[in-house]
Amino acid sequence: MRGEVLHYDEEQGFGFITGADGNRYTFTRENLRRETAMPKGTAVEFQPGGGQARDVFSIATQTAAPAVDANMSAAQPQAGKPAAAGAPQAQHFGRSSEPAEPTDLWGYFWRGVTRNYFNFAGRARRKEYWGYCLFWTVCLLIIGGIGLFTDTDMGHFDSDVSAAVTVGLCGTFLLATFLPSLGMIVRRLHDIGLSGWLCLVILIPTIGSLIILVFALIPTQVRENQWGPVPAGIRV
């Protein structure tokens with residue numbers, strides 16, 4: 001069946017196709033016959049089944065191949081001439097040039113405090129959110145333990161200084177992870193179809209954190225919403 005790419009996120013490896021029958025089909029990177037760019041509006045051929053497009057390939061790529069071969073043949077006599085300085089370089093698309101989706105919980109935490117440090121857009125599935133929370137807690141406990149050991153060894157608990165090292169280390173960690181933690185909450189809210197501004201309910205004494213906990217437990221919306229496509233790894 002012929003269709004047209006409605007949306008494709010190269011980073012997440014997930015997209016939508018509008019078929020000639022008027023229906024919308026989902027597809028993933030694994031459904032592509034050839035790794036290539038899939039901008040919005042690309043004409044494609046695919047095999048529909050169960051709301052999913054399989055064996056997807058770009059018609060434009062197929063039809064452009066003979067023209068490319070003809071241009072290469074025409075350029076053979078001038079092979080000895082140097083290439084023009086302004087000639088565009090070939091671009092390579094594929095998994096090797098894209099950040100891979102984390103395969104473990106630690107990967108979600110590490111991506112949260114590095115690549116997604118200032119990211120308040122997009123969506124975060126439950127696994128990503130709880131993976132981040134798990135290792136954030138583990139890191140805080142380890143840093144707190146190091147601080148307590150240092151304070152004890154330096155005799156701070158026997159003086160007015162008290163737990164200065166523990167407070168300093170834990171405070172630095174909390175400040176350093178404030179933005180990525182806030183971004184994770186915002187993206188989790190987006191994933192269930194809610195506005196990220198609802199993260200402000202955490203400021204409500206006592207029940208604010210419980211409300212965020214409930215939001216974090218709600219399953220992913222298995223459809224595209226205004227904040228992006230379904231996160232990779234979610235069955236639709």
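Guide: Strand 1 and strand 2 (residues 14-19) are joined by six bridges and run antiparallel. Strands here are DSSP runs of E with at least two residues, helices are runs of H or I with at least four, and both are numbered from the N terminus. Two strands count as paired if DSSP finds at least two bridges between them. This is a predicted model, where local features need pLDDT of at least 70, side-chain atom pairs count only at pLDDT 80 or more, and totals for chains, interfaces and linings use all residues. Residues are numbered from 1 along each chain as its sequence is written, and side-chain values use heavy atoms, with hydrogens and water left out.

Back to the pairing. His 7 stands opposite Phe 16 of strand 2. The two strands form a hairpin, with four residues between them. Gly 13 sits in that turn and has a positive phi of about 70°. Strand 1 (residues 2-9) also pairs with strand 4 (residues 43-49). Three bridges join them, again antiparallel.

Now the helices. Helix 3 (residues 126-154) packs on helix 5 (residues 178-191) at about 155°, with axes 10 Å apart. Axes are lines fitted to C-alpha atoms, for helices over the stretch in contact, and angles run from 0 to 180 degrees between N-to-C directions. Helix 3 and helix 5 are therefore roughly antiparallel (the term covers angles over 145 degrees; under 35 is roughly parallel, 65 to 115 roughly perpendicular, the rest oblique). Helix 3 contributes Arg 126, Glu 128, Tyr 129, Tyr 132 and Trp 136 to the contact, and helix 5 contributes Pro 180, Ser 181, Met 184, Ile 185, Arg 187 and Arg 188. Contact means heavy atoms within 4.5 Å. By class, these residues are six nonpolar, one polar and four charged. Ala, Val, Leu, Ile, Met, Phe, Trp, Tyr, Cys and Pro count as nonpolar, Asp, Glu, Lys and Arg as charged, and the others, Gly among them, as polar.

Helix 3 also meets helix 6 (residues 208-217), where the axes come within 9 Å and cross at roughly 135°. That makes the pair oblique. Arg 126, Tyr 129 and Trp 130 of helix 3 touch Ile 212, Leu 213, Ala 216 and Leu 217 of helix 6. This contact has six nonpolar, no polar and one charged residues.
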